[in-house]
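I opened my notebook to get to know a new structure. Here is what I looked up, one stop at a time.

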Amino acid sequence: MSFSSLPIIDLKADESIIIQAMLNACSTTGFFYLRNHNLLDAQEHMFKLAKEFFRLPSNIKEQYGITEENYGYVRRGQENLAGNETKSIDEKEAFNIRNLVQPNELPSLMAQSDNYEIITKFQNDCYDLCMKLLTYLAQSFDIDSDYFTSKHKRELKSAGTLRLLHYPAVKNYSDESIRAGAHSDYGSLTLLFQHLHQSGLEVLDRSTNTWYPVEPYDDMIVVNFGDVFEYWSKGFIKSTVHRVTMPIIDSTKENERFSIAYFCHPNDSALLTPVPSKLILDREFEKDEHAKLALQDNNQNTLTAGEHFQMRINKTYTY
Ligand SMILES: O=C(O)CCC(=O)C(=O)O
Ligand SMILES: [Fe+2]
């Protein structure tokens, strides 16, 4: 397993192979490609809708501005994922949709019944896929197979979010510009859908401080582990830092970028205590620089997933 060619997990492979591959991926790169998932059609519909939405005039999009709970429209320059370590802002716009969203909470384009159905189907498919991966992961750790899924009940409150992203075309930019600043994700798993060979995503190998590009493939989802797993595994599972860089300027090529992220989060009340696996319980949690920044810096109080999310969000628009 290496950052220069991320592992590929094939959902059509034997379960024993998947379970072993999940264990290898989570403890090394924290990122992998997922092949043979069944979200291709749903993904295509979702990208079409996202493009239609981002083409709307700003005043319409801004009617649904981001709320304190982190849902709604983020305009270009409003968010800075790398926090106050840098002066730059993220050159992107985004729209965050909560789980179990109701049509009356959405812009009229998304509230139309056919589009609302596309959104809810996509959310359900993503949720089901995450639950499948979490079941395999529990098997990798030799714990009850519903150990993780029981902390992700669909009907209970969580910070789970579907995020549509648009990185507008650029003709020039400064050295400090970035499309999405360096960050780790806050939840348990992220499904990242890239599109039409629009690259730019990079992952950080913390041990050597080296960035590696993540090539986009239309038929494979990029999956990564978030902070919650770094807590649950005392650092055995890596919540790998990533970013999206600016495109190479080539006047013959269109360079805007679309992506979609499904952030799976445990229920707000879930405790971030170590999982009862032999692989984890005997481990010392030695926090490296990233963990010290992203996670609560002392091991005295156990956080809930909701508290950790709130802590990260309070900084996001600074960290
Ligand atoms: O657009 C991408 O490829 C990555 C976005 C991302 O990492 C995020 O929003 O957390
Ligand atoms: Fe991310």
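**Entry 1: a loop residue.** I am working with a predicted model, and I started at Thr29, which sits in the loop between helix H1 (15-27) and strand S2 (31-35). Is Thr29 buried or exposed? I found Thr29 buried, with a relative accessible area of 1%. I then asked which residues Thr29 is in contact with, leaving aside neighbours within four places in sequence. My list reads Ser2, Phe3, Leu6, Pro7 and Thr240.

**Entry 2: two helices.** I moved on to H1 and its packing with helix H5 (residues 113-140): the angle is about 80° and the axes are 8 Å apart. I therefore noted H1 and H5 as roughly perpendicular to each other. From H1, I saw Glu15, Ile18, Ile19, Met22, Leu23 and Cys26 meet Leu133, Tyr136, Leu137, Gln139 and Ser140 of H5. Sorted by class, this contact has eight nonpolar, two polar and one charged residues.

**Entry 3: helix H2.** I checked H2 (residues 40-54), whose 15 residues reach 21 Å from first C-alpha to last, close to the 21 Å expected. I wrote down its buried residues, among them Met46, Phe47, Phe53 and Phe54.

**Entry 4: the iron ion.** Which residues are the protein donors of the iron ion (ligand 2)? I found His183 (NE2), Asp185 (OD) and His242 (NE2), lying 2.1 to 2.2 Å from the ion. Their spacing in sequence is H-x1-D-x56-H. Asp185 lies in the loop between strand S6 (180-183) and strand S7 (189-193) and His242 in strand S11 (residues 242-244), so this pair ties together parts 57 residues apart in sequence. I also noted that Asp185 and His242 are both buried.

Terms used:
Residues numbered from 1 in each chain as written. Chains lettered and ligands numbered in written order. Predicted model: local features only at pLDDT ≥ 70, side-chain atom pairs only at ≥ 80, totals over all residues. Heavy atoms only, no water. Donors = N, O, S within 2.8 Å, 3.2 Å for Na, K, Ca; no water. Helix = DSSP H or I, 4+ residues; strand = E, 2+ residues; numbered from the N terminus. Buried < 20%, exposed > 50% of the residue type's maximum accessible area, 1.4 Å probe, protein only. Expected span 1.5 Å × (residues − 1). Contact = heavy atoms within 4.5 Å. Axes fitted to C-alpha atoms, helices over the stretch in contact; angles between N-to-C directions. Parallel < 35°, antiparallel > 145°, perpendicular 65-115°, else oblique. Nonpolar A, V, L, I, M, F, W, Y, C, P; charged D, E, K, R; others polar.
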